[in-house]
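The following explanation leads through selected features of one protein model. Please keep the sequence and coordinates in view while reading.

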Amino acid sequence: MRRVSVVGNAGSGKSTLSAGLAGRLGVPWLELDSIFHMAGWTPRPPEEFRAEVERFTAGDGWVVDGNYSLVRDLVWSRADTVIWIDLPRHRVMRQLLSRTLRRMATGAELWNGNKESFRFLLHKDESIIRLAWIKHATYRDRFRRAAADPANGHLTFLRVASRADALRLTRSQP
């Protein structure tokens with residue numbers, strides 16, 4: 001395991017697992033959100049986003065976390081492993097709500113000056129909580145199918161269904 005894509009629902013623990021795994025493997029880590037969301041939550045133009053990801057994944061070892069279909073072909077064509085975090089919906093929602101409220105209360109900067117706000121929490125089209133609730137089943141189906149797809153035969157899929165699974169996975173790496 002040297003080139004790893006970590007996928008899963010918002011709030012599932014992708015970034016936490018990715019940071020720990022990258023540290024254990026001694027490879028760089030890229031959180032796709034950090035290069036997609038420019039200042040003011042402006043999306044990076046698709047060609048620039050793809051170019052950034054292409055540069056990063058040209059290396060011998062890395063961990064990339066995120067679900068962007070716009071760059072999945074680049075990441076997965078170069079990856080050797082996909083770690084799919086598939087926690088139960090209630091666990092994801094609890095983690096996400098706690099994380100989001102903590103970030104809002106502290107004014108923590110995420111990427112490029114962006115911060116989560118209470119306005120986004122309640123906005124129908126911008127709520128990360130609503131998005132995670134709606135996308136949970138979609139992601140589960142998408143990554144279950146991807147793991148079974150012969151086109152992804154070059155990838156080892158590892159499903160993480162609990163915090164204990166994530167801990168075991170991270171600790172098992174050199």
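The paragraphs below treat aromatic pairs, a pocket and a loop residue in turn.

The model is predicted: local features need pLDDT of at least 70, side-chain atom pairs count only at pLDDT 80 or more, and totals for chains, interfaces and linings use all residues. Residues are numbered from 1 along each chain as its sequence is written, and side-chain values use heavy atoms, with hydrogens and water left out.

Rings of Phe, Tyr and Trp (its six-membered ring) pair if their centres lie within 6.5 Å; planes under 30 degrees apart count as stacked, over 60 as edge-to-face and the rest as tilted. In one of them, Trp-76 and Phe-143 are tilted, at 6.3 Å centre to centre and 50 degrees between the planes. This pair joins distant parts of the chain, with Trp-76 in helix H4 and Phe-143 in helix H7, 67 residues apart; helices are DSSP runs of H or I, at least four residues, and strands runs of E, at least two, numbered from the N terminus. Both Trp-76 and Phe-143 are buried (under 20% relative accessible area, 1.4 Å probe, protein chains only). Tyr-139 and Phe-143 are stacked, at 6.0 Å centre to centre and 15 degrees between the planes.

Trp-76 also belongs to the lining of the second largest pocket, as do Arg-72, Arg-142, Arg-145, Ala-146, Asp-149 and Asn-152. A pocket is an open set of points on a 1 Å grid over the protein atoms alone where a 1.4 Å probe fits, with protein on both sides within 12 Å along at least five of seven lines; lining residues have an atom within 4 Å of a point. Helix H7 supplies the largest share of this lining, three residues.

Ser-12 lies in the loop between strand S1 (3–8) and helix H1 (14–25), and is buried, with a relative accessible area of 5%. A polar atom of the Ser-12 side chain lies 2.7 Å from the backbone oxygen of Asn-9.

Technical notes. Buried means under 20% relative accessible area, exposed over 50%, partly exposed in between (1.4 Å probe, protein chains only). A polar contact is a pair of N or O atoms within 3.5 Å; within protein, one must be able to donate a hydrogen and the other to accept it, and residues adjacent in sequence count only if both atoms are side-chain atoms.
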